[in-house]
Amino acid sequence: MDTPTYDAEGFQTWKPQPGEYYKLGLKQSESYGGIVAAVKDVLAVTSCGVSKAYPHNFAGIIAAIEDLADCLNAGNNIDIGPYPPGWEIIISPDGSIDGNWTELPDDGNLWFDTRQGRLFVSIDGQYWQTNGGDGLAYVGDSVPQQQPVIGSTWYDTYNNILYVWTDAGVWEAVKGAEDVAQTTATLPLAFKGRLTAGGGRGARILPDDFPTSDNFPSVLPPLDLNEQNVQSDFNEWLLWALLRVGEATEYNTINFGPNPPPEEELQPGSMWYDTNALELSVWYSDGDSSQWVPTSVSYQYDTQIANIENQIATETAERASAIQQAKTSLQSEITSVSGAVYTLESTLRQAISEAVSGVVVSDPDLSSYSTTVDLSSAREALEQKINNFKSDLELELLELQNSLGAVDTSLIASINSKVTLEQLAEVVSSIPDISHLITEQLVDTKIDQINNRLIPKTGGVLNGRFQMQKADVSLGALDFTRQASDARNAITIKPSDNSDNTISFGTTDTEGEVAFTFKGNEDFCWVYDDTDKVFSIDRSGAAVKNIVLADFGENSSDGRTLHNKIDVRDRLVKYQSVFEELRQSISLSSDFDELKLSLLMALASV
């Protein structure tokens with residue numbers, strides 16, 4: 001459509017050919033449909049939504065051009081005014097002026113600032129000056145955090161000084177020839193970018209174990225390097241640190257004098273040098289008691305120690321002599337006690353022997369025990385009683401047998417006295433008629449009717465629907481896991497195309513394969529809200545409205561969450577456009593440098 005050809009004289013000629021992106025337009029180049037197809041080509045290459053089915057007449061051409069105009073204007077309007085569109089001015093009660101977005105601008109939207117005559121473009125919800133040379137001056141009491149460009153300005157409202165970002169990578173104060181030099185209150189820290197760990201190697205001037213602000217020594221105030229921007233910031237921290245160090249060392253100086261300092265001025269570790277005793281002591285406190293502990297003494301204890309050693313030697317000799325005397329006396333006592341014990345033992349043995357000899361044992365009285373003659377008489381009496389009992393038992397058994405014979409005779413007589421068959425026939429004739437009661441055949445009929453209304457285990461026809469309510473979520477509602485063949489044609493469907501084809505879902509003869517099997521023009525789809533077809537598979541293959549390559553995150557209330565997205569359709573459209581530009585560049589370039597420049601310009605947007 002946009003690629004020229006050349007005639008015999010070398011002049012470019014253009015052949016209108018719609019359908020480069022809208023393929024159906026290839027057959028409509030010489031009718032109203034060609035105009036509609038050309039507009040749809042433009043709509044497709046600019047990614048302006050879903051292409052519509054415009055009629056091939058003036059009304060369709062007008063509608064297509066109107067949609068094309070709306071598409072080209074969407075997000076690319078040029079707004080003119082002192083403030084960007086969607087920006088709300090906020091005036092605080094103290095008179096300060098601020099602002100906030102009521103609606104973020106679309107990417108690519110242009111805004112011409114009538115206050116300073118500059119054009120801005122919106123990218124990622126912020127307006128950037130189109131030439132990039134001199135943006136709006138930053139106004140505030142702290143150093144700008146965004147990366148500036150050379151020539152950017154910053155007005156320090158804290159010190160009322162204007163700065164310019166130079167090619168040296170620092171904020172330089174703007175001053176006249178007669179202005180005083182820059183003071184440490186406004187001098188930016190030139191080495192701020194080098195305040196990184198590394199032990200002094202290269203641009204890293206801090207040690208590897210330099211603490212963070214949360215882990216800074218308790219004696220010093222915390223130091224946050226991100227807040228150290230100008231010399232005054234560091235000066236304030238340095239004065240604060242000196243004050244804290246002074247407070248920490250105030251009570252740890254060495255006190256001199258004949259008397260110790262007051263206890264309310266002491267802390268554990270405070271020292272006092274006694275000028276009278278020439279002794280240095282440390283104040284010790286363990287929570288329960290506090291006292292001065294000497295660290296050393298200035299005089300000798302040799303004489304005192306020698307006297308103490310002599311006294312200890314004398315005391316040791318005296319105690320050794322006393323111990324030896326005690327041992328001798330104790331041994332004499334032990335010998336005396338041993339002789340007394342031996343004499344007592346001999347006397348006791350003699351007394352026991354005499355007492356045993358004087359003991360007299362009388363003969364026992366056995367009159368209460370039975371003799372052998374008495375036991376024989378008792379045995380004979382017991383055997384006599386057993387024989388008598390056996391005789392009595394035999395008599396009782398004979399009497400019982402006679403009684404059972406009499407009962408048998410009485411039972412036969414009682415049976416003969418019962419009702420006869422004729423009497424039973426009379427009783428049967430008196431039983432009422434039960435023909436009106438339900439019969440077994442009728443019960444079978446009712447059972448068949450129940451089987452027709454309900455589905456038996458062997459299968460049947462269901463009119464209505466099943467509603468599954470499961471308590472165990474680990475079990476399937478429909479289970480085909482007994483064996484692999486159970487899942488063959490597990491679900492069969494008849495499509496609404498008036499054909500005799502059927503669709504089945506289940507396993508196949510191929511190992512591990514689960515598939516939808518069909519034979520006709522069936523279309524397997526994902527359809528959103530009953531109208532928007534998102535994905536389709538038929539016998540020709542798969543078709544998709546768009547493909548996005550991304551990493552999945554956790555779903556939210558709005559549905560799925562994607563990260564690192566790549567829009568395949570958008571990429572392909574961009575690549576197609578670039579390929580066309582490359583083809584045109586190759587055709588139009590007259591030398592290699594021009595071709596190289598054209599290719600670089602075409603690839604700049606990729």
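This note sets out several local features of the structure in numbered points.

1. Basis. The model is predicted; local features need pLDDT of at least 70 and side-chain atom pairs count only at pLDDT 80 or more, while totals for chains, interfaces and linings use all residues. Residues are numbered from 1 along each chain as its sequence is written, and side-chain values use heavy atoms, with hydrogens and water left out.

2. Salt bridges. The whole structure holds six salt bridges (a side-chain nitrogen of Lys or Arg within 4 Å of a carboxyl oxygen of Asp or Glu). One of them joins D509 and R488, with the closest N and O atoms 2.6 Å apart. Because D509 lies in the loop between strand 18 and strand 19 and R488 in the loop between helix 7 (440–453) and strand 17 (491–493), this pair ties together parts that are 21 residues apart in sequence. D509 is exposed, at 71% relative accessible area, and R488 is partly exposed, at 38% (buried means under 20%, exposed over 50%, partly exposed in between, with a 1.4 Å probe and protein chains only).

3. A salt bridge within a helix. K574 and D570 also form a salt bridge, the closest N and O atoms being 3.4 Å apart. The two residues are four apart in helix 8 (residues 568–588), and so are separated by about one helical turn (helices are DSSP runs of H or I of at least four residues, strands runs of E of at least two, numbered from the N terminus). Both K574, at 41%, and D570, at 26%, are partly exposed.

4. Strand 18 (residues 503–507) pairs with strand 19 (residues 514–517) in the antiparallel sense over four bridges; pairing requires at least two DSSP bridges. F505 has F516 in strand 19 as its bridge partner. Six residues stand between the strands of this hairpin, where G512 takes a positive phi near 80°.

5. Nonpolar surface. Y83, W87, I89, I91 and I97 form a nonpolar patch on the surface, with about 530 Å² of accessible area together. Such patches consist of residues with over 30% relative accessible area and no salt bridge, nonpolar side chains (Val, Leu, Ile, Met, Phe, Trp, Tyr) being joined within 5 Å and like charges within 9 Å; areas come from the Shrake-Rupley method with a 1.4 Å probe, and for residues only the protein chains shown count as cover. Strand 4 (residues 87–91) supplies the largest share, three residues.

6. Strand 7. F120 is found in strand 7 and is buried, with a relative accessible area of 4%. Its C-alpha atom is separated by 9.5 Å from that of G108, 12 residues apart along the chain.
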